[in-house]
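Please view the model alongside the text.

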Amino acid sequence: MIYNQIKELTNELNLSHLPSALSQADIVECLMPYLLTNKYKFICGKYWGAQSYFASYFNITGIRVKNLRELPFIFQQNLESIGDILGFATGVSLGSNQRTICFISDAQLQSGYVYEAMNFIIQHNLNISVLVDFNKLQVCDRVENIVSVNPFLKAYSGIIEFCDGHNQK
């Protein structure tokens, strides 16, 4: 059902990034009930494909939104450069007693900013969950054909939670 809603919203709102929205749909739908409790700071680093947030939010609340800023749980949805968002989430976590959830794509794992933020999270034992849509795809090719993230996976296994948005198991 959510997939059809996402397709309809894509057309209705003249949005792009349909594959990203479909990839993260199940992840966002699972997260949504938790995000609406206001017990978490949610930092959205995977804001392209926003229609997955809109559809999931509507399914729970019955309220239609057309902009990420209208969603009450979005603390910050983007920064200008890919990869900056985990550093931002780290700062939010450092200054908050609430658990912080940062949702990023696997392509963002290739950014040096992410490595620096992960090291800071570990060193300061921050109350943050990093959720990665690990669908192994980027804009122009598969992730491993651009820059392998295997060293990152080995270094931070157990700290990051990986979900394949293209695998509904």
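Predicted model: local features only at pLDDT ≥ 70, side-chain atom pairs only at ≥ 80, totals over all residues.

Which residues of α1 are buried? Helix α1 spans residues 2–12, and its buried positions are I2, Q5, I6, L9 and T10. They lie on the same side of α1, because they cover an arc of only 140° around the axis. The face turned away from that buried side carries E8 and N11, which are exposed. Just after α1 comes N14, with a positive phi of about 55°.

## The largest nonpolar core

In soluble globular proteins, nonpolar side chains tend to be buried together. Here, the largest nonpolar core has 26 residues. F42, Y53, F54, L71 and F73 touch the most other members. At least two residues of this core come from each of α1, α2, β1 (40–44), α3 and β3 (99–105). Helix α2 gives the most, with seven residues.

## Y53 and its contacts

What does Y53 touch, leaving aside residues up to four places away in sequence? The contacts of Y53 include the core members F42, L71 and F73. Y53 also touches Q24, V28, M32, C44, K46, L68 and F103.

## A second core

A separate, second core holds 22 residues. Among them are L109, A117, F134 and V143.

Definitions and conventions: Residues numbered from 1 in each chain as written. Heavy atoms only, no water. Buried < 20%, exposed > 50% of the residue type's maximum accessible area, 1.4 Å probe, protein only. Helix = DSSP H or I, 4+ residues; strand = E, 2+ residues; numbered from the N terminus. Arc of directions from axis to C-beta. Core = buried A, V, L, I, M, F, W, Y, C linked by side-chain atoms within 4.5 Å. Contact = heavy atoms within 4.5 Å.
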